[in-house]
Amino acid sequence: MSNTNMDYLYPEFWAQSFDAINPGEYNLQNLVSRNFDAQIANYGQKINVPLAVDFGDADAWAPGGSITATGITQTEAEVALDKSYRKTINLTAKDLSMAPYDLISNYGEGMVKSLLVTLNKQIYIEALKSKYFIDAVAGISEDLIVSAGTMLSSNEVSLLNRKCVCGPDVMGALQKIDAFQNVSTSGDADVMKNGILTKRFGFDFYMNNAIAKYTPVDVAGSCSSASAGDVEITVSAFNDDTMPVRIGDRLTIADDTAVYTVTSTTLTTGDTTKIGIYPALSTAISAAKVVTITPAQSALCFVPSAMALAARSYGALPEGVGVRSAVSDYKGLPVRLSVWHDGNLGLQVQADILFGVKLINDKRMVRIIEDL
């Protein structure tokens with residue numbers, strides 16, 4: 001049956017698009033810290049997140065003796081709401097003759113999903129800044145999951161609420177491992193019957209498609225001379241303005257057997273000119289050595305407090321301006337939906353969001369890195 005009413009003129013109609021989205025495919029916004037949304041509500045451009053203070057060992061003290069208090073130096077991580085995204089679709093009269101269900105499934109679902117894809121990519125890219133990683137180039141295994149947990153424990157990260165978020169290929173590889181499939185020892189048939197992983201080795205496991213959709217291209221250039229122990233190299237001949245080198249990619253230098261992880265980049269007119277690396281250079285390098293970047297994919301092992309996500313919607317527009325808008329709440333994620341006439345017997349619908357994300361404690365994030 002064709003659409004005979006005018007429901008599609010109202011943003012509340014398009015809010016139904018969220019109901020059809022599977023949040024399991026793009027779930028990072030629900031796994032990182034969201035404790036700050038109430039501070040910004042419908043205003044504000046940044047928040048300051050106080051970081052836990054490490055006081056070291058307790059002080060020896062004889063009761064009745066003099067007391068010298070330890071001064072507190074509070075540090076904060078600033079999270080700027082600097083990421084603004086939208087998806088706008090244009091519907092013709094022919095499109096609008098569809099049944100309401102078809103409008104939502106054919107157009108609305110894809111519109112709001114695009115916001116979730118982008119949001120999750122941005123959270124993932126920010127997570128790549130963590131300098132703590134496990135090398136899984138030879139292949140994923142349960143031993144590497146254990147090693148990631150051990151690294152978190154060595155960083156004094158709580159055993160509670162640990163997450164492991166993987167792309168579909170890594171999740172598929174884990175599902176084939178006996179430690180996850182063995183029902184007789186685990187008493188849990190999650191993999192064999194349901195095709196999912198539940199808690200193992202101290203982690204709750206989640207699959208996220210945004211990790212697989214992050215696909216930078218290989219790039220190569222050359223570097224200036226540098227000394228052993230340097231944590232930044234100057235490079236030239238990179239023409240990567242379309243798809244720049246990213247934090248988390250792997251880096252090798254000719255005549256140096258070490259494999260480094262990109263920790264920071266500096267751009268000049270859009271191309272990479274400096275690259276921060278981890279670990280530090282293992283040996284001195286001479287000028288004009290070829291630098292090769294290999295894109296990497298990371299499974300993220302973390303606790304929510306490793307990252308802060310702050311999001312708010314743009315305000316709904318007042319009546320009488322030619323646009324109907326409303327704020328929709330997608331499991332706590334504020335999105336503004338707007339509908340207006342395109343001037344040519346068609347309709348434009350837009351979903352938009354404003355957010356900021358920051359890795360505020362990289363010790364609480366361990367990446368299991370494998371080549372794409």
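In helix α5, the buried residues are L144, I145, A148, G149 and L152. These residues lie on the same side of α5, because the arc they cover around the axis is only 145 degrees. The exposed residues D143 and S154 are carried on the face of α5 turned away from its buried side. The helix comprises 13 residues, 142–154, and its end C-alpha atoms are 18 Å apart; this agrees with the span of 18 Å that follows from 1.5 Å a residue. After α5 comes E156, which has a positive phi, near 60 degrees.

The model is predicted. Its chain has 372 residues, of which 44% are buried, and its secondary structure consists of ten helices and 18 strands. Of the contacts between residues at least 6 apart in sequence, 75% join residues at least 24 apart. The chain exposes about 18300 Å², with 51% of this area supplied by carbon and sulfur atoms.

Four aromatic pairs were counted. One of them, formed by F133 and Y278, is edge-to-face, with 6.0 Å from centre to centre and 85 degrees between the planes. This pair links distant parts of the chain, since F133 belongs to strand β4 (residues 133–135) and Y278 to strand β11 (residues 271–278), 145 residues apart. Y278 is partly exposed, its relative accessible area being 36%. F203 and F205 also form an edge-to-face pair, their ring centres lying 6.5 Å apart and their planes at 65 degrees. Both F203 and F205 are buried. Elsewhere, R324 lies over the face of Y10, 4.3 Å from the ring centre.

Conventions:
Residues numbered from 1 in each chain as written. Predicted model: local features only at pLDDT ≥ 70, side-chain atom pairs only at ≥ 80, totals over all residues. Heavy atoms only, no water. Helix = DSSP H or I, 4+ residues; strand = E, 2+ residues; numbered from the N terminus. Expected span 1.5 Å × (residues − 1). Buried < 20%, exposed > 50% of the residue type's maximum accessible area, 1.4 Å probe, protein only. Arc of directions from axis to C-beta. Contact = heavy atoms within 4.5 Å. Areas by Shrake-Rupley, 256 points an atom, 1.4 Å probe, with all protein chains shown as cover. Phe/Tyr/Trp six-rings, centres within 6.5 Å; stacked < 30°, edge-to-face > 60°. Lys NZ or Arg CZ within 6 Å of the ring centre and 35° of its normal.
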